[in-house]
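Look at the fold before reading on.

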Amino acid sequence: MRSLLTHLFIMFFSIALVVGCKAVSNEVSEAQPENTAKARLSELPDALTSSELFDTTILKPTQLFDNFYFVGYVSVGSFVIQTSDGIVLIDSMWTPNDAKTVIVPGMIELGLDPSDIKFVLITHGHSDHYGGAHYFEQEYGAKILMREQEWRFINNPEAPVLTDPFVNYSTEIPTPTTYTSLADKDVLNFGDTQVTILATPGHTPGATSLIISAEDDGEKHTVALWGGTGLPDTLEANKRYLQSLNYFQKVVNEKRADVTISNHPFSYNLIEKMTLLKQQKMSMPNPLVVGNEAINDYIDNELRNNVKEKISSLD
């Protein structure tokens, strides 16, 4: 049976789409007038607006590994990787304001210097992942890294429009002005950290999953990040999602990944694991290191089962 979490992911990426499309704007959105906010919220189901997907409670910034950190909300966040070539952000949350008031202060709390941000890697083109990218491009000169398909997607006036928890439409969020294109199987070496790019379309046309090297107290680990959990609407897109998931699992096993994470921290118990990590003694095992078998169980018993069920319902 599909879990409540999966229902909410599906709801977010289907029901929460605003009917119609609008021209993309590069103007930073202001707070919406009260009547506008109420009208936009009324278009969304209560089950969504009261869910973790719209929970903007700020989580305590957390060091996950020696050079690997999380900052963000319950709903969505960014991973911060400190490398010898500068800081790499994985995704950038909902809005420029999130970048300025959540990511930057979170980094400072962790002892990191935001001026060291050199790259922002976008996993896919929903505004909760690219919303702060323009801010980092503008304020710190960061280079934006994403697949060409996703660059076209976020700049496509016919793309679906999302409503965020602050009742902005995604078309009101400024997009980056330039980007560096990524391709499947690209291996990015940021000094002492390696990131492998995997093209995994389905959740969006250019969704990107990642395999990232990490160390915990000097011990090497391999982190797998699935680039988009929510299921798409159409039969064709769900079939692509399943093909991408099979490809992702193949690489996860080839690389012997032993950690899996999501930019939606309520997914796969990341919040609980971060809480445990902060509470436990330094000598105890890192709770994020679950092992390759556990990752396969998650892929097989949750991600694959969910998309197969969706395909069956659409076929």
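In what order do the strands of the open five-stranded sheet run? The order is E10-E11-E12-E13-E14, and the pairing is mixed. Strands here are DSSP E runs of at least two residues, helices are H or I runs of at least four, and both are numbered from the N terminus. Two strands pair if DSSP finds at least two bridges between them. E10 (187–190) and E14 (259–261) are the edge strands, each pairing on one side only. From one strand to the next, the twist averages 25°. Axes for such angles are lines fitted to C-alpha atoms, for helices over the stretch in contact, and angles run from 0 to 180 degrees between N-to-C directions.

A word on the source. This is a predicted model, in which local features need pLDDT of at least 70 and side-chain atom pairs count only at pLDDT 80 or more, while totals for chains, interfaces and linings use all residues. Residues are numbered from 1 along each chain as its sequence is written, and side-chain values use heavy atoms, with hydrogens and water left out.

Now follow the pairings. E11 (residues 193–199) and E12 (residues 208–216) are antiparallel over five bridges. Val-195 has Ile-212 of E12 as its bridge partner. E12 is also antiparallel to E13 (residues 219–225), over seven bridges. Leu-210 stands opposite Leu-225 of E13 in that pair. The hairpin of E12 and E13 has two residues between the strands, and Asp-217 takes a positive phi near 55° there. E13 and E14 run parallel and are joined by three bridges. Across them, Ala-224 stands opposite Thr-260 of E14.

Two loop residues also have positive phi. Asp-91 is not a glycine, yet its phi is about 70°. This residue sits in the loop between strand E5 (86–90) and helix H4 (96–109). Is Asp-91 buried or exposed? Asp-91 counts as buried because its relative accessibility is 0%. Buried means under 20% relative accessible area, exposed over 50%, and partly exposed in between, with a 1.4 Å probe and protein chains only. Tyr-268 has a positive phi near 55°. Its loop links E14 and helix H9 (270–279). Tyr-268 counts as buried too, because its relative accessibility is 19%.

Next, the interior. In soluble globular proteins, nonpolar side chains tend to be buried together. A nonpolar core is a set of buried Ala, Val, Leu, Ile, Met, Phe, Trp, Tyr and Cys residues joined through side-chain atoms within 4.5 Å. The largest such core has 35 residues, and Leu-64, Phe-68, Phe-79 and Leu-121 have the most contacts inside it. H9 gives the most to this core, with four residues. Beyond its neighbours within four places in sequence, Phe-68 is in contact (heavy atoms within 4.5 Å) with residues including Phe-79, Ile-212, Val-223 and Ile-261. A second, separate core has 28 residues, among them Tyr-69, Val-104, Trp-151 and Ile-154.

Last comes the open space. A pocket is an open set of points on a 1 Å grid over the protein atoms alone, where a 1.4 Å probe fits, with protein on both sides within 12 Å along at least five of seven lines; lining residues have an atom within 4 Å of a point. The largest pocket holds about 560 Å³ of space. Its lining has 21 residues, and Leu-64, Asp-216, Leu-277, Met-282 and Asn-286 lie nearest its centre. Strand E2 (58–65), E13 and H9 each give two or more residues to this lining. E2 gives the most, with five.

Methods
Points joined across faces, edges and corners; volume = space filled by probe spheres on them.
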